[in-house]
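Here's a quick briefing on surface patches and salt bridges. Have a look at the model first, then read on.

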Amino acid sequence: MSVNWAQIPVSKALPTFDGSRTPAATWRRTLIGLLWTGSLAFACTTVRDAWEARLIVPFWDEWDLLTVYRYIAQSGDVFAELWTPFNGHYEPIPRLLFLGRDMLLGGDAIALIAACLGLQGALIGIIVAAFLREPDLRGSVLQHVLIAASIILLTWTIQMENFNWSVQITFVLPAFLTVAAIAMMSWRRPGPRVDWPIVAAAVMAVAACLSLGAGLALWPALFVIALRQRRGAQAFVVTVLGAVLSLVPHWLAAEPSTAPMMVLTRPIDTLLFVCRYLPPLYIRDDLRVLLGALLIGLGVFAVVHGTVRGGRSRLGDLAVGLVAFGLSVALLTAMARAEIGVPASSRYMAFSSLYWVGLLAFGGSLAPVREWGVARWAIYGALLSGLEPAMGIQTVADEPFVQRADRATAAVLSIVAGTPDEHAIASDLHPDPQVPVRLLPFLREHEYGFFGNRLVRAIGHPATRAFPARTGTCAASVEVEVRDQGLRLSGRYTAKDGPLWLVITGPRGNVRGLAVRERRGERIVGYAPALARGTLFGVAGRSLCLAGLFETPPRARQFDGPVLYGRSSTDRMAD
């Protein structure tokens, strides 16, 4: 059989070269895989730590919100309370979410903590989509570097407070709405008659303002994007009118000390506050101020350059919007919190992290431009220089939140046992110890959240009724501190992995108090009324394991001051 070579295309006759199998292509795929794997593992670690550090008991401002809930439950006046300012903010949307949690879910904090994590995940999804949609970055390693860096910055444990405390939905929700509104304007061009994207973004901005005062900073961001896109009169009218209408109620609710004239009369203090607001926590103060000044300079350049030069880059629109929002919210916070001093709070990182991502996106939008090729190396240099400190902070930043959750839980146990530890309550729950104490009957009656737990309901009843099974021993060494209000038990398990919860029973076997083990250790803290003798049991499911016996000496029962008495559980068991 003869072959007609003249009829075969040249492309078929020549040998082909598969560039996807070269060492360079293999290395590129490996690098991209490592970037995605590493960033997702980083995010999963933060989610795990947030779950471990979650606050399962009411904490700080939450007690004031529970006072409001008690009033609503008793009076039925829902509308007035939703519109009552709280700490100078109008936040009816979060208050409505809290009310739904309280009335429909019995105060279970887990639902809103899961909502915070879900909203943060959706926010990250929008940012990742923005990088993937940018045509000038498509297929480059830089695109995946920017995605991985953004995931890490937005799940960094420096903002753990926004992930482990249900009340912080007031910060996570406006952060999500901010990113969604800016993305809407960046990705969608105006229609032939009505600029529907700006209308949708304005609705989100109003919702952000009704969630927290920081939502006001979204209006300048939308205005800057409209100016950069030369969007037209509709966009400018909507943003200016929306900003004015949103500002009025917050202005009326603000304290006199937060007037803008303070910013004008104290510009240095305002600048230093903003310099400390934008950088991450856990940095020495002088370095923090210098880094903040650098971040402000980069942000101002990004906004001015992006607005004056304009452009059709969707990523550039998103970047300028996020940076403008970050600068605006820092200035607004300086106006509202100038008397506090350094904004050393994890909650503010919800907005500062958006600023950092905005600067990354701005650099990514410039990198493909020939005259701005240095932006690519600036991004690589900044990320490499910050990698080691970021990893160091990641390993320790969650520990204070775990410890705070442990202390708050122990303080609540003192209230539940009827022996309120006022010092612990004032430092770890609420500045006024009487607020949680007065709320206890209402919370127990409605079985609100932790106060409806099987452990709390077992107080005053035989331990064998709530926990019928026995499973050997889980030995613990404890000391008993006798106080005016009752007993405080402290100690630790003698072996690892003892039960998290413990019950304290009296001589007749009734549950009189509760104890808890710290989440990352073996230390135990518990409270009970004054007892001559008692038993400490660990709770494992519906089973009890004997942890130790204790006895209060007669001289301590008649002494008004604190007395320490303790014997190891193994010694008592031997008796």
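Helices (H or I, at least four residues) and strands (E, at least two) are DSSP runs, numbered from the N terminus. With that in hand, helix 12 supplies the largest share of the nonpolar patch, three residues. This is a predicted model, so local features need pLDDT of at least 70 and side-chain atom pairs count only at pLDDT 80 or more, while totals for chains, interfaces and linings use all residues. Residues are numbered from 1 along each chain as its sequence is written, and side-chain values use heavy atoms, with hydrogens and water left out.

**The nonpolar patch**

- Phe223, Leu227, Val240, Val244 and Val248 make up a nonpolar patch on the surface, and together they have about 370 Å² of accessible area.
- Patches take residues with over 30% relative accessible area and no salt bridge; like charges are joined within 9 Å, and nonpolar side chains (Val, Leu, Ile, Met, Phe, Trp, Tyr) within 5 Å.
- The areas themselves come from the Shrake-Rupley method with a 1.4 Å probe, and for residues only the protein chains shown count as cover.
- Helix 11 (218–229) and helix 12 (233–253) each put in at least two residues of the patch.
- Leu227 sits in helix 11, and it counts as partly exposed because its relative accessibility is 33% (buried is under 20% relative accessible area, exposed over 50%, partly exposed in between; 1.4 Å probe, protein chains only).

**Salt bridges**

- Side chains of opposite charge can pair when their charged atoms come close.
- Taking a salt bridge as a side-chain nitrogen of Lys or Arg within 4 Å of a carboxyl oxygen of Asp or Glu, the count comes to 17.
- Arg520 and Glu52 meet in one of them, at 3.1 Å from N to O.
- Arg520 lies in the loop between strand 5 (511–517) and strand 6 (523–528) and Glu52 in helix 2 (residues 23–52), so this pair ties together parts 468 residues apart in sequence.
- Arg520 is partly exposed at 31% relative accessibility, and Glu52 is partly exposed at 26%.
- Asp285 pairs with Arg276, with the closest N and O atoms 2.9 Å apart; Asp285 is partly exposed at 36%, whereas Arg276 is buried at 17%.
- Arg483 and Asp421 also form a salt bridge, 2.8 Å from N to O.
- That pair links distant parts of the chain, 62 residues apart: Arg483 is in the loop between strand 2 (476–482) and strand 3 (487–493), and Asp421 in the loop between helix 19 (399–416) and helix 20 (422–428).
- Arg483 is partly exposed at 25%, while Asp421 is buried at 8%.
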